[in-house]
Amino acid sequence: MRWAILVALLSLPPSLQAQVLRGTARFAGDDRPLDQARVMALLRDGRSVGSTVTDDQGRFQFRINADGRPFTISITRIGMEPTLSEELTIGTTDTLDVNFSVVETGIRTDTVRVTSSPSINDLRLTEARRRGWRVFPPADVEKLRERSNSFEDLLRSTGYPGFVIPSRRDDCIRSTRYNRCLTIVIDGVPLSGSYPNINPRDIYFFALLGKTEAAVQFGDRTPWGAIVIYTRAKGDR
């Protein structure tokens, strides 16, 4: 897929300051809009810092977070060879106008392999690991719940020294570092009061967050750290 690219940098008013990519993608020759094409901004290590899909007129606009780092623009569509621009950089408050003129080149395939999409909890697990949380993944949880009749038993079975489990249900699980109550977070929602009666078999994975990690993720709703639990969802094994 060959391409042509027209670049223009525009200043945004202070109230709309952001890095923005916008433009059009069209077929070379007849100027037809290239609709339903994936447009992505990629760093050198391959990480995406923003993406969108072109509309029925081939137009796209989305914010990126390149943070001053060089990036390339990728444009792909099923059945066509992908294209990649040369490296670009823009300021933190600039808008980059990008116009693609694409030569339609099909991809010849002899074998197509279809794989299932990851479940929402698989995506959550990947993100938790990326953030550096202390994660107990599904395989570990499965082993732990085999010998656990309650949520408290499951936590004790971890042998993790970072929390103290009370003997009374009306008390809270405390951080050994601060001797303060840890907040229970279930499926992204911080709970108040004593910990709930959770069936270990309903847990897909859980993670332990220190004071700073919890504050970054949940703010003042988790002042002394958190136990983040994700329950099983459709598609989880």
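Is Arg 77 buried, partly exposed or exposed? At 23% relative accessibility, Arg 77 counts as partly exposed, where buried means under 20% relative accessible area, exposed means over 50%, and partly exposed lies in between, with a 1.4 Å probe and protein chains only. Before I go on, please keep in mind that this is a predicted model, in which local features need pLDDT of at least 70 and side-chain atom pairs count only at pLDDT 80 or more, while totals for chains, interfaces and linings use all residues. Residues are numbered from 1 along each chain as its sequence is written, and side-chain values use heavy atoms, with hydrogens and water left out.

Let me stay with Arg 77 for a moment, and with its partner. Asp 35 and Arg 77 form a salt bridge, with 3.0 Å between the closest N and O atoms; the term stands for a side-chain nitrogen of Lys or Arg within 4 Å of a carboxyl oxygen of Asp or Glu. Asp 35 lies in the loop between β2 and β3 (38-42) and Arg 77 in the loop between β6 and β7, so the pair ties together parts that are 42 residues apart in sequence. Helices (H or I, at least four residues) and strands (E, at least two) are DSSP runs, numbered from the N terminus. Asp 35 is itself partly exposed, with a relative accessible area of 28%. The loop between β6 (72-76) and β7 (83-84) also holds Ile 78, which counts as exposed at 85% relative accessibility.

How many salt bridges does the structure hold? There are eight, and one of them joins Asp 97 to Arg 22, where the closest N and O atoms are 2.7 Å apart. Asp 97 belongs to strand β8 (residues 94-102) and Arg 22 to strand β2 (residues 19-27), so this pair ties together parts that are 75 residues apart in sequence. Arg 59 and Asp 55 also meet through their side chains in a salt bridge, at 3.1 Å from N to O.

Five strands make up an open sheet with mixed pairing, in the order β9-β14-β15-β12-β13, where two strands pair if DSSP finds at least two bridges between them. At the edges stand β9 (134-136) and β13 (189-190), each of which pairs on one side only. Strands of a sheet pair through backbone hydrogen bonds, either parallel or antiparallel. Strand β12 (residues 183-186) pairs with β13 in the antiparallel sense over two bridges, whereas β12 and β15 run parallel and are joined by four bridges. In the hairpin of β12 and β13, with two residues between the strands, Asp 187 takes a positive phi near 50°. Both faces of β12 are covered, with Thr 183 and Val 185 buried on one side and Ile 184 and Ile 186 buried on the other.

Helix α1 (residues 120-130) lies across β9, β14 (203-209) and β15 (226-231), and runs at about 20° to β14; axes are lines fitted to C-alpha atoms, for helices over the stretch in contact (heavy atoms within 4.5 Å), and angles run from 0 to 180 degrees between N-to-C directions. Its buried residues are Asn 121, Leu 125 and Ala 128. They cover an arc of only 65° around the axis, which puts them on the same side of α1, the arc being that of the directions from the helix axis to the C-beta atoms. The face of α1 turned away from that buried side carries the exposed residues Thr 126 and Arg 130.

Helix α2 (residues 138-145) lies across β9 and β14, at about 105° to β14. Here the buried residues are Val 141, Leu 144 and Arg 145. Seen down the axis of α2, they fall within an arc of 90°, so they line one face of the helix.

Which side chain of opposite charge is nearest to Arg 145? It is Glu 142, at 5.1 Å, and Arg 145 is buried yet has no salt bridge; in this count Lys and Arg are positive and Asp and Glu negative, while His and the chain ends are not counted. Leaving out residues up to four places away in sequence, Arg 145 touches Leu 154, Pro 200, Arg 201, Ile 203 and Arg 232.
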